[in-house]
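Please look over the sequence and structure before reading on.

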Amino acid sequence: MENAREKVIVVGCQLPEMDDFRFENSMEELVSLTDTANGEVILRVTQKRDKPDSSTYLGKGKVEELRNLIEELEVDVVIFNSELTPSQLRNLSNQLQTKIIDRTQLILDIFARRAKSREGKLQVELAQLEYLLPRLVGQGTELSRLGGGIGTRGPGETKLETDRRHIRNRINEIKNQLSVIVEHRKRYRSNRKKKNTYQIALIGYTNAGKSTLFNRLTDAASYEENKLFATLDPLTRKLVLHSGFTVLLSDTVGFIEDLPTTLVAAFRSTLEEVAEADLLLHVIDASNPDYDQHEKTVNKILKELHAEEIPQLVLYNKMDRVHNDFVPTADGKVLQISALNLADRERLKRKIEEMMIEEMVQYEVNLPSTSGKLLARLKEETILRELKFLESDETYQCKGYIFAHSPLYGEIKKQNDGDGE
């Protein structure tokens, strides 16, 4: 049954470099991830160690305790709060005799559920196969000698080696398909650049409220739920600002601390949407006790994407249920909002315009009353601050702000030089 929730024990090792607060929050996050994957956490098991045990992650006594708990509570799955090595996974499976999953596998499982587009599904499958490949060793290594001959596997080849070859072939096949999609997206993005479209990307830790904000700003139907990784595939919609200027707003996959390396690589192309943006709206969940660490995680990933120089507006979201110890920590431009509050969203739109004006130049132009098309473009492609109809000479007096690299700026100059209509 799809809706039957599996009974789960979550397990974590607290190492010396992690204080109690950080460790507790990482275990809370693991519980949230488990809930998103339709698991019910019935117990947490933790242990303080200088370093994880190389063969079983936990100490021998703790493994024994865990085995008894699994039998007693009839547990379906044990989820570990770190990525297990292939040998740890194998040893734990043998000793605990139940399904063992690590944090990476759990995140991959959630991504697999959430992926909707062809690209998203391919990226998840690629990450899953790259995770699986080194872990095939030791899982059914009995030799299955088959006779040679045309059309059969070579003599002495194992089922395992066939599986590995099949996986490697599939990995190459997916990479080829993804490269075609990436090229298509590059062309699409370069077309957008040619049209001088202003691009804004919503970024932030998973479950910070990006999709809720995206939906309210653009009236889109992006998937919105109080769960980790609710959005996986990037969505782009038009957003009309107060002045009439139209920008493109993209919703992106939520960032997370210690994102599995296979996923960072697989989702790099999805996150390129971020690197191409003219403005980043960095959404931070002010109701989460670990908001400060989430903010640092996102900025670290931005650095990896070479996107740290892009202008950024930090949005402390969920201020309607702000955490008691909340203190804004971001430098630069900041707004405190609730995505559900209309007045806050209007303030945000005004702030976006203010930030755009900082990068624009002022213009003033008088257009003949017959220049309807040009006037419509001024409303959409510039921040029009003043529009007056002068009856004396039947012209529109327009004042506002425009990007100096916009082709429209050249037309305005021409008009002012007397070469226009």
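This is a predicted model, in which local features need pLDDT of at least 70, side-chain atom pairs count only at pLDDT 80 or more, and totals for chains, interfaces and linings use all residues. Residues are numbered from 1 along each chain as its sequence is written, and side-chain values use heavy atoms, with hydrogens and water left out. The protein chain has 13 helices and 13 strands; these are DSSP runs numbered from the N terminus, helices being H or I of at least four residues and strands E of at least two.

**Overall make-up**
- Of the 421 residues in the protein chain, 48% are buried (buried is under 20% relative accessible area, exposed over 50%, partly exposed in between, with a 1.4 Å probe and protein chains only).
- Among contacts between residues at least 6 apart in sequence, 67% join residues at least 24 apart (contact means heavy atoms within 4.5 Å).

**Nonpolar cores**
- In soluble globular proteins, nonpolar side chains tend to be buried together.
- The largest nonpolar core holds 54 residues, and Leu66 and Phe80 have the most contacts inside it (a nonpolar core is a set of buried Ala, Val, Leu, Ile, Met, Phe, Trp, Tyr and Cys residues joined through side-chain atoms within 4.5 Å).
- A second, separate core has 28 residues, including Leu249, Val283, Ala339 and Met355.

**Helices α4 and α5**
- Helix α4 (residues 103-114) packs on helix α5 (residues 118-132) at an angle of about 155°, with the axes 9 Å apart (axes are lines fitted to C-alpha atoms, for helices over the stretch in contact, and angles run from 0 to 180 degrees between N-to-C directions).
- That angle makes α4 roughly antiparallel to α5 (under 35 degrees counts as roughly parallel, over 145 as roughly antiparallel, 65 to 115 as roughly perpendicular and the rest as oblique).
- From α4, Thr104, Gln105, Leu108, Phe111 and Ala112 meet Val124, Ala127, Gln128 and Tyr131 of α5.
- The residues of this contact divide into six nonpolar, three polar and no charged (Ala, Val, Leu, Ile, Met, Phe, Trp, Tyr, Cys and Pro count as nonpolar, Asp, Glu, Lys and Arg as charged, and the others, Gly among them, as polar).

**Helix α7 and its surroundings**
- Helix α7 (residues 210-218) is mostly covered, with eight of its nine residues buried.
- Its buried residues pack against β5 (199-204), β6 (235-240), β7 (246-251), β8 (279-285), β9 (312-317) and α11 (342-357).
- The axes of α7 and α11 lie 11 Å apart at an angle of about 80°, and the two helices are therefore roughly perpendicular to each other.
- Leu213, Arg216 and Leu217 in α7 meet Arg345, Leu348 and Lys349 in α11; the residues of this contact divide into three nonpolar, no polar and three charged.
- Asp219, which follows α7, has a positive phi near 55°.

**Loop residues**
- Asn207, in the loop between β5 and α7, has a positive phi near 70° and is partly exposed at 22% relative accessible area.
- His306 sits in the loop between α10 (291-304) and β9; its phi is positive at about 55°, although it is not a glycine, and the residue is exposed at 70% relative accessible area.
- Thr329 lies in the loop between β9 and β10 (333-336) and touches residues including Tyr291 and Tyr316.

Definitions and conventions: Lists of a residue's contacts leave out its neighbours within four places in sequence.
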